[in-house]
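Student: Please take a close look with me at one part of this model, the way its side chains meet, and go through it slowly.

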Amino acid sequence: MVAGMKKTNPSFLNGVPELLVLRLLAGQEMYGYQIVEEIRARTGEALSFGEGCIYPYLHYMETEKQVSSQRREVDGRSRNYYKLTPRGRKRLDELTTEWKRVAAGVSLLMGEQYA
């Protein structure tokens, strides 16, 4: 890596943003940029997905009826707030089960020193 170059998320994280967005929305309604910032903050800046990554997931999840959105005026700004639907909660449960299975398998292979 070239000195000064910002480290990006590894390519094996494909699909992880969907899991994280659904997890955050299970706790409260949020708008897109808020989701981006919460992922960064709650992962100790280990993960950073920009708006260009998160908004396509939100739009996809809305077409799949996993989330719904409502435009609101807050502090003079119009924002689209997203919330989890029952279908989204089911998808979150599926992804969480899959994540736990994969993480456990990787941990077994890597051994305790890498866990």
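**Core and rings**

Tutor: In the largest nonpolar core, which has 21 residues, the members that touch the most others are Val21, Leu25, Ile35, Ile39, Ile54 and Leu58; such a core is a set of buried Ala, Val, Leu, Ile, Met, Phe, Trp, Tyr and Cys joined through side-chain atoms within 4.5 Å. Two or more residues each come from α1 (16-27), α2 (32-42), α3 (51-63), β3 (77-84) and α4 (86-110), and α1 gives the largest share, seven residues. The model is predicted, with local features needing pLDDT of at least 70 and side-chain atom pairs 80 or more, while totals for chains, interfaces and linings use all residues. Residues are numbered from 1 along each chain, and side-chain values use heavy atoms, without hydrogens and water.

Beyond its neighbours within four places in sequence, Leu25 is in contact (heavy atoms within 4.5 Å) with Met30, Ile35, Leu58, Val67, Tyr82 and Leu84.

Turning to the rings, the count is one aromatic pair (centres within 6.5 Å; planes under 30 degrees apart are stacked, over 60 edge-to-face, the rest tilted). Tyr31 and Tyr81 form this edge-to-face pair, with 5.4 Å between centres and 75° between planes, and they link distant parts of the chain, for Tyr31 is in strand β1 (residues 30-31) and Tyr81 in strand β3, 50 residues apart. Tyr31 is buried, at 18% relative accessible area, and Tyr81 is buried too, at 12%, where buried means under 20% with a 1.4 Å probe.

Charged ends also meet these rings: Arg79 sits over the ring of Tyr31, 4.1 Å from its centre, and Arg72 lies over the face of Tyr81, 4.7 Å from the ring centre, the rule being NZ of Lys or CZ of Arg within 6 Å of the centre and within 35 degrees of the ring normal.

Conventions:
Buried means under 20% relative accessible area, exposed over 50%, partly exposed in between (1.4 Å probe, protein chains only). Helices (H or I, at least four residues) and strands (E, at least two) are DSSP runs, numbered from the N terminus. Rings of Phe, Tyr and Trp (its six-membered ring) pair if their centres lie within 6.5 Å; planes under 30 degrees apart count as stacked, over 60 as edge-to-face and the rest as tilted.
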